[in-house]
Amino acid sequence: MRWTLLAVVLGFLLDLCFGDPRWLYHPVRIIGKGITFLEKILRNIFPKTKTGERIAGGFLVVGIVAASSFVPWLILHLAYGFRTWLGVALESFMCYQLLAARSLRDESKKVYDALQTGDIEKSRYAVSMIVGRDTQNLTEEGVTKAAVETVAENTSDGIIAPLFYMMIGGAVLGFAYKSVNTMDSMVGYVNDKYQYFGTAAAKLDDVLNYIPARLSAWLMIAGAWLIGMDGKNAKKIYLRDRRKHASPNSAQTEAVMAGALDIQLAGDAWYFGELHKKPFIGDPIRKVEIEDILRSHKLMYAGTVLSLVVFGLVRVLVCLFI
């Protein structure tokens, strides 16, 4: 724990420089395989009733979180026990794998590059790689909005929330958070298959993201001021529209992004062939344009760097006085 701050900072810098290491099998994929494997077992054990599926989903959460925490803990315990430098190196690499700033920037930049060519089909395909909604009928504006919204939402649960938990409990707590986040993305759907089975994962993800989402929003508002965006409007739209989403957390950073860019986001969207009615977030002070994707990157980085500084300072102060 004494070396956690150094490991998190080094992991953050590695992510900024290199992004996801394509040559390495990502641990989140291993967690995903574990979720799929355990789901099959639990569904065969528990009855296919509302209560049975909820209990099964609860066991899934306990099992995956326990495994995702224990394995990195054991590795780091052995590494630090052998040589401190080896422990720091391994924990730094683990922290690096838990962050997605460079990856989020690169994947959304592909959408920007596709839009620049004017090829709408290529643009729709690019954005389909980073969003869960149906993209086959999106206009250029719809593709742009989808990319910006994804950057806004993932600034919290893909970057700032992992930083928050890693500053508290290092890579071990970071993996615990990431396992819940991964479960929510795989089974946390309100549909026939996961309506009850995914309840525990979805609820726990809401709980774990509750504080980080709000911290992310305020850090992004501060970041908007620092980089010359519309910080005043970011705060205004955040306070007004932060609850305009079915999730208690998703609209937090999305509202800040809409306000800082002076655009309107969200609205109705199609998922798996079904139209979902959603309220708009932000005001259409100006029309959405392709360059808003690049602007969203700037705000993402501003909020992320601020979070690293603020969380790091808090950790130093806590360590000094405890």
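Helix H3 gives the most to the lining of the second largest pocket, with 6 residues. Helices here are DSSP runs of H or I with at least four residues, strands are E runs of at least two, and both are numbered from the N terminus. About 350 Å³ of space lies in that pocket, and H2, H3 and helix H4 (84–98) are the elements that each give two or more residues to its lining. A pocket, on a 1 Å grid over the protein atoms alone, is an open set of points with protein on both sides within 12 Å along at least five of seven lines; a cavity is a set where a 1.4 Å probe fits but cannot get out, and lining residues have an atom within 4 Å of a point.

Before going on, keep in mind that this is a predicted model, where local features need pLDDT of at least 70, side-chain atom pairs count only at pLDDT 80 or more, and totals for chains, interfaces and linings use all residues. Residues are numbered from 1 along each chain as its sequence is written, and side-chain values use heavy atoms, with hydrogens and water left out.

Back in the second largest pocket, the lining has 16 residues, with Pro 27, Ile 30, Val 71, Pro 72 and Phe 175 nearest the centre. The lining splits into 13 nonpolar, 3 polar and no charged residues.

About 40 Å³ lies in the largest cavity, and helix H2 (27–45) and helix H3 (50–82) are the elements giving two or more residues to its lining. H3 again gives the most, with 3 residues. Leu 42, Arg 43, Phe 46, Pro 47, Lys 48, Gly 52, Glu 53 and Ala 56 line this cavity.

Next, look at helix H5. Its 17 residues (101–117) should span 24 Å at 1.5 Å a residue, and its end C-alpha atoms are 25 Å apart, which agrees. Just after H5, Gly 118 takes a positive phi of about 80°.

Zooming out, the protein chain has 11 helices and 4 strands. Its radius of gyration is 20 Å, close to the 20 Å that the globule rule gives for 322 residues, so the chain is as compact as a globular protein of that length.

Conventions: Grid points are joined across faces, edges and corners, and a volume is the space filled by probe spheres set on the points. The expected span of a helix is 1.5 Å times one less than its number of residues. The radius of gyration is taken over C-alpha atoms; the globule rule is 2.2 Å times the number of residues to the power 0.38. Ala, Val, Leu, Ile, Met, Phe, Trp, Tyr, Cys and Pro count as nonpolar, Asp, Glu, Lys and Arg as charged, and the others, Gly among them, as polar.
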